[in-house]
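Biologist: Could you show me the structure and then take me through it?

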Amino acid sequence: MNETLRIRGGLALPRAKPGLDRPILAAALPPVLVFPLVAHGNRPLLSHVKAGDTVRAGDWLAHGLRASASGRVRSVESRTVLHPRRARADCVVLDTLPSADLPPAPDASGTVRRAELESLLSAGIDGQGGAGFPAADKLSAVRSGGCRLLLINACECEPGVACDEALLQEDAPAVVAAIERLRQALQPDVTLIAIERDKPRAVPALHRSLAAMPQITLLPFEPVYPSGAEAPLLSRVLEHLGLPPVTRAERPTDRGLLCLNVATALALGQALDGTLATTRIVTVASDQASLSRNVRIVLGTPLGWLLERIGQPPSAATRLRIGGPLSGFMRTADPQTLDAPLGVTTHAIHLSASAPAPMPITRPCIRCAACAPVCPANLQPHLLHWHASANAPAELQRLGIDRCLECGCCDVVCPSAIPLTAQFRLGRAELGERARRDAEAERADALIRQRQERRQRETLRRRAALDEAPAPNIAVNAALARAKARARRGARPADRAAGQAADQTVDQVADRAPDTSPPESPTVDGPPGNSR
Amino acid sequence: MTGQLPGIAAMRAGLPALLPATGPLMRAVMLALLPGTLLAAWLFGIGVLVNVVFGVCTALIVEALALRLRGRSVQDTLSDGSAALAGWLLALCVTPTLPAWQLMLGVLIAILLAKHVFGGIGHNPFNPAMVGYAVLLISFPQTMNAWPAHAALPLNAAPPSPAVTLQADAPFDGEPAADWHALTGQTPLEAWRTARHQPRIDDAPLTVSDPGPLSNTPSNASNEATVRPPGERQALLALAWLIGGLWLLRRGVIAWHIPFAVLATLSACELVAQVSGAATIGPLGAPFSGAAMLGAFFIATDPVSAAATARGRLVYGAGIGLITFAIRSAGGWPEGVAFGVLLMNGAVPMIDRLSGAPPRSADAAK
């Protein structure tokens, strides 16, 4: 299987992998660790700890969030975070204890497959691919139906990000061992490692380590951005395997297709062996290539502390890019930002002292459609742009905006320099908000319908009770008779007040019938005088 | 809307030019038009060059005026070159002897009515040059059809005598005078069309038995049983457009879909006509006659008014080819590229809508 695959669309960007010529630098345990209480999808988390609590490495700080070192909780407070969609978040601030004790193993009881998986589910490991998808959610989804494909994603396609490649260069045997461990636990039909073929040391390292593992196949990919995104990669692999593509209605895990970033796979494999992953590798790049390093940090390490530690203290003018040049976001090096922690999703930091390149003037779209062939999601960005500008959400939905990966390929090729991805991000956010409001309205609608039906039922029951049981009161019977007679004659305006009085009496009688709730409104009964 | 990431700019700068920006894009198209324009000037006289210079200048002035009126940055938009290109294309489509004020009016309509009324570049549903051309053709049939004597290369068409040209002032009588597409010299097409209509002429003498005083069709064309091959002159010119168009394709300025679909459909229709026994210019002659080549590579490919999806562009181009063939063989005009482009422009929103949604089972992994 030496055929090199290529994802649909994408761009062959110049290869720029910082810090690969030097070994991974292991940063020490910082005096303070910060854990943002934010889960995948920008969901807030509730803290399980409070100021003054002592925690051990591996203890839960919140649902799905483990402490990566032992220490004492200093506070739970709002802090600046490095998050693409929020500026601040509540964080657990931990004063670490100097005794760097090893994290305890999660409940890795041994050889029974089911128990192994359970231990993984409780390991609280988030994907290190950039999205931070909780690996446990994927695992539990494939656990029920059985795993058909285990796809390890070692395509690190974006320039400026090199943490996965650094890991493979240095530790391919450990990675392969972890994948093999996962494979034994999950028993997938096929196990593949997808990697871009332009990684000069990582690919041979993987080849060597895989020599004794015939069950794991290395799948070379053309170096095209964004091969590392799960959707286009999985789609191409499925095509290669002759399997039908994942449709819009299902998730890959529904079909037993498990796609894991290579560092996530390592963390999961180690968790099976009883070691909790508390670190990740971060590419710290700089304008001067010689200063760029890949650093292994403890999760929760504050950015400023790390930069001081590796000898690149930022000045106030330094501009920080969190993530790659296409998918990342910019921050300034102010003190609050430097206090922000590096989490499981932070794969790269770029420090830049120079002023940003001037943006070309944005011109109107001339519908040249240069954006369409590079779209890895097979969308028509120019049509999306047209309808997003016209604020036509239904059209955006029809054109598949929910599949947009926000990879930025269309931005790069647009001759009119239109910020397409930013527009699509906004359009998707609005669509999400709309869907939320629609669901809310739907729910309110259902409640109102239920209430009306309930009241209708009650009215019918009251009438039935009235017809069956003779009224206990002669005066009431007389009033009822008068009301019926009037109804036959046809109500006259002068009788209306009397008729209302009679109706009220009837309602009170009905109220006395067993298990009847009080009447809520007379409107259901129709206008007085002619309803009965 | 949030702005772009500076990284995008860096990536744009770092990449070998995938596609030039709008300005260079339009300038590349104009560069590709240059050899054909010079050849046309050699074949049909210096009037061609005068028209092009005049058309481009008028277009730039009108565009600047319109931008100013609309309160847009004149410099930013004028430099995109789209107005100049529209003026150039329109000037190539009219006769070299067209009065200057008529060409000016055409450019005015192209820029103001077809472009800025709809919101300027990127928003015009119809190809501005073709709108200006259609208006001129309908308003001034006499001058738009008055062709100068092809004195330079008397190949296959007898030039109309000055006396005939003077008769151009005769009232326009229903059937439009035939020869309306300028540089590409309608002569062989007209001859072919007349020949095709030959059997019917005896029955209905009022149809096209008389090509009209404005036509430069040789009077004996209708008597010929067979159809002549396309004139060497227009074939030569078509070759120049083809070379320019292929260069644009190679540069990635235009995509192959539209030119291919236009020419292939046109040829296929001609082939069917030939097989079914009709008088025809032939599947190979068709692309090298009339305005087919210029239209396929330079006019139909105007990105703003063309379909924008790959599938849509094939449909759009095929529609142009089909309409061109229909007008050439059965319509009142000897050439149909301009109307084919305009009609298909009108169909573009529907084509884009039908072809824009992603395939149902495509990679939706999320």
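Biologist: What should I know before I read it?

Modeller: This is a predicted model, in which local features need pLDDT of at least 70, side-chain atom pairs count only at pLDDT 80 or more, and totals for chains, interfaces and linings use all residues. Residues are numbered from 1 along each chain as its sequence is written, and chains are lettered from A and ligands numbered from 1 in the order in which they are written.

Biologist: What average pLDDT does chain A have?

Modeller: The average for chain A is 81, and 84% of the residues score at least 70; pLDDT is the predictor's confidence in each residue, from 0 to 100.

Biologist: Where in chain A is confidence lowest, and where highest?

Modeller: Helix α15 (residues 496–512) of chain A is lowest, at a mean of 52, and strand β2 (residues 32–36) of chain A is highest, at 93. Over residues 103–114 of chain A the pLDDT is below 50. Residues 515–532 of chain A also stay under 50. Where pLDDT is low, the predicted coordinates should not be read in detail.

Biologist: How many helices and strands are there in chain A?

Modeller: Chain A has 15 helices and 20 strands. These are DSSP runs numbered from the N terminus, with helices being H or I of at least four residues and strands E of at least two.

Biologist: What share of chain A counts as buried?

Modeller: Of its 532 residues, 45% count as buried. A residue is buried if 20 or more other C-beta atoms lie within 10 Å of its own, exposed if 12 or fewer, and partly exposed in between, with C-beta atoms placed from the backbone. One example is P232(A), which counts as buried because it has 27 C-beta neighbours inside 10 Å. P232(A) is found in helix α5 (residues 230–241) of chain A.

Biologist: Turning to packing, how do α3(A) and α6(A) cross?

Modeller: The axes of helix α3 (residues 163–186) and helix α6 (residues 262–272) of chain A come within 7 Å and cross at roughly 50°. Therefore α3(A) is oblique to α6(A). Axes are lines fitted to C-alpha atoms, for helices over the stretch in contact, and angles run from 0 to 180 degrees between N-to-C directions. Angles under 35 degrees count as roughly parallel, over 145 as roughly antiparallel, 65 to 115 as roughly perpendicular and the rest as oblique.

Biologist: And what about α2(B) and α5(B)?

Modeller: Helix α2 (residues 22–44) and helix α5 (residues 82–93) of chain B pack at an angle of about 20°, with their axes 9 Å apart. They are therefore roughly parallel to each other.

Biologist: Which residues of α2(B) and α5(B) meet?

Modeller: M26(B), V29(B), M30(B), L33(B) and T37(B) in α2(B) meet S82(B), A84(B), L85(B), W88(B) and L92(B) in α5(B). Two residues are in contact if their C-beta atoms, placed from the backbone, lie within 7 Å.

Biologist: New topic: which residues does a cis peptide bond join?

Modeller: The cis bond joins Y225(A) and P226(A), with omega about -5°. P226(A) is in the loop between β12 (216–221) and α5 of chain A.

Biologist: What is the phi of N378(A), and where does this residue lie?

Modeller: N378(A) has a positive phi of about 60° although it is not a glycine. Its place is in the loop between α9 (371–374) and α10 (381–389) of chain A. N378(A) counts as partly exposed, with 18 C-beta neighbours inside 10 Å.
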